[in-house]
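Reader: I've got the sequence and the model open. Can you walk me through it?

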Number of protein chains: 2
Amino acid sequence: MADKKKTDIHLALIHYPVCNKVGETVTSSVTTLDVHDISRAAKTYAVDSFYVVTPLKTQRELVERLIEHWMTGYGAEYNPTRKEALLTTRVGNNLKETIKDIAKRYGETPTTVATGARQFPQSIGFSRLRGELERGGSFLLMFGTGWGLDNSILQGADYVLDPIDGIGGYNHLPVRSAIAIILDRLLSDR
Amino acid sequence: MADKKKTDIHLALIHYPVCNKVGETVTSSVTTLDVHDISRAAKTYAVDSFYVVTPLKTQRELVERLIEHWMTGYGAEYNPTRKEALLTTRVGNNLKETIKDIAKRYGETPTTVATGARQFPQSIGFSRLRGELERGGSFLLMFGTGWGLDNSILQGADYVLDPIDGIGGYNHLPVRSAIAIILDRLLSDR
């Protein structure tokens, strides 16, 4: 068939390994508000799946309970837009298993794209990545909580997306705001 | 002088009059996380001032205490990026007083731009508003909490900005994410 190749977009919000304020590798806590805000942004830009990735079983269970509450409990009736947003939200134990899960569900190992505040050898600009996405395939955009993704993830990624260039050099957006801007730059219809 | 005219950008996060879920006009509560997230987005895009507007004195005091904590208290030392973000954050009693305050501080009554999820006679697209901003002057972007700005504000605004066009018609971004995207579309250097 001559159809344009489909592009699958997946997000991973990573809680380990990430940096803390002084650059140490740590596990950050899941923020339920991140889950809601990022699920809504994912739904707005028709992202295929959004993984909350943490090695802590109790935290994964927290996210699962949250999803269940809004999907089937009183929450589903009270706020259907929240239910709709959470349809593609999942939990993951670590990055490797998340990538495997995407490969299993979509039949293709995703190209990994790390995000962060610095430049790397495999750094790529927004318009070039938009072009890559338009060619089709499966992509996993990886976002770090805390003070950002650990170097091991940045170095192991297929691409690192350029930082968001504001005005005047301030570079401290909350991850939920950064994700909203990045999805808009990469996926909006402009 | 032949210098390009300066553009001042101000934001107002409005808690009254806004709509609730069933379309009634209500006063919404201040969410401290909105204050932090929007202050960071405002700082990222070099916005001149960000007003948290509520008629409730106790809520204005809450925001003032929050600002003071991060500006001068232990918080200023613990997290200087939060302090820096809050430098332009202020409180306002209502929209009229906020506009007066901007006029007094910047010597010009701002052009008001309402944001929301619907089209209005004075609706304006992102690229046209970018063009207006580039011509210089003072602008106040107004954002509604709860289920959005009351009709009285939308009808009284000089412009209403087009809704954020995602993919697939889902239109329920949190206000803090919508503001991040709108500032990026209007003010980023792309």
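Reader: Let's start in chain A. In which sense do β1(A) and β8(A) pair, and over how many bridges?
Author: Bear in mind that this is a predicted model. Strand β1(A), residues 7-14, and strand β8(A), residues 137-144, pair in the parallel sense. There are eight bridges.

Reader: Which residue of β8(A) is the bridge partner of A:Ala12?
Author: A:Met142.

Reader: And in β4(A), what is the bridge partner of A:Ala12?
Author: There A:Ala12 has A:Tyr51 as its bridge partner. Strand β4(A) covers residues 49-53, and its pairing with β1(A) is parallel, over five bridges.

Reader: Now β6(A). Which way does β6(A) run against β8(A), parallel or antiparallel?
Author: Parallel, with four bridges joining β6(A) to β8(A). One pair to look at: A:Thr111 has A:Phe139 as its bridge partner in β8(A).

Reader: How many bridges join β6(A) to β9(A)?
Author: Three, and these two strands also run parallel. Strand β9(A) is residues 159-161. A:Leu161 in β9(A) is the bridge partner of A:Thr115.

Reader: How many residues of β6(A) are buried?
Author: Four of five. The strand, residues 111-115, is mostly covered.

Reader: Switching to helices. What should α8(A) span at 1.5 Å a residue?
Author: 18 Å for its 13 residues. The end C-alpha atoms of α8(A), residues 175-187, are 18 Å apart, which agrees.

Reader: Why call α8(A) largely enclosed?
Author: Because 11 of its 13 residues are buried, the rest of the structure largely encloses the helix.

Reader: Over to chain B. Which residues of α5(B) are buried?
Author: B:Leu95, B:Thr98, B:Ile99 and B:Ile102. Down the helix axis they fall within an arc of 100°, so they line one face of α5(B).

Reader: What covers the buried residues of α5(B)?
Author: The cover includes strands β1, β4, β5 and β8 of chain B, along with helix α7 of chain B.

Reader: And on the other side of α5(B), which residues are exposed?
Author: B:Lys96 and B:Lys104.

Reader: How far does α5(B) reach from its first C-alpha to its last?
Author: 16 Å, for 12 residues, 95-106. That is close to the 16 Å expected.

Reader: What follows α5(B)?
Author: B:Gly107. Its phi is positive, near 75°.

Reader: Last topic, the two chains together. What rotation superposes chain B on chain A?
Author: One of 180°, with 0.0 Å of shift along its axis and an RMSD of 0.0 Å. That is the relation of a two-fold axis. Both copies use the same surface, since 100% of the contact residues of chain B recur in chain A.

Reader: How many residues of chain B are in contact with chain A?
Author: 27, and they touch 27 residues of chain A.

Reader: Which elements of chain B give two or more residues to that side?
Author: Helices α1 (32-44), α4 (80-86) and α8 (175-187) of chain B.

Reader: How do the residues on the side of chain B that touches chain A divide?
Author: 12 are nonpolar, seven are polar and eight are charged.

How values were computed. Residues are numbered from 1 along each chain as its sequence is written. Chains are lettered from A and ligands numbered from 1 in the order in which they are written. This is a predicted model: local features need pLDDT of at least 70, side-chain atom pairs count only at pLDDT 80 or more; totals for chains, interfaces and linings use all residues. Two residues are in contact if their C-beta atoms, placed from the backbone, lie within 7 Å. Ala, Val, Leu, Ile, Met, Phe, Trp, Tyr, Cys and Pro count as nonpolar, Asp, Glu, Lys and Arg as charged, and the others, Gly among them, as polar. The expected span of a helix is 1.5 Å times one less than its number of residues. A residue is buried if 20 or more other C-beta atoms lie within 10 Å of its own, exposed if 12 or fewer, and partly exposed in between; C-beta atoms are placed from the backbone. The arc is that of the directions from the helix axis to the C-beta atoms. Copies are superposed by least squares on the C-alpha atoms of residues with pLDDT of at least 70 in both. Two strands pair if DSSP finds at least two bridges between them.
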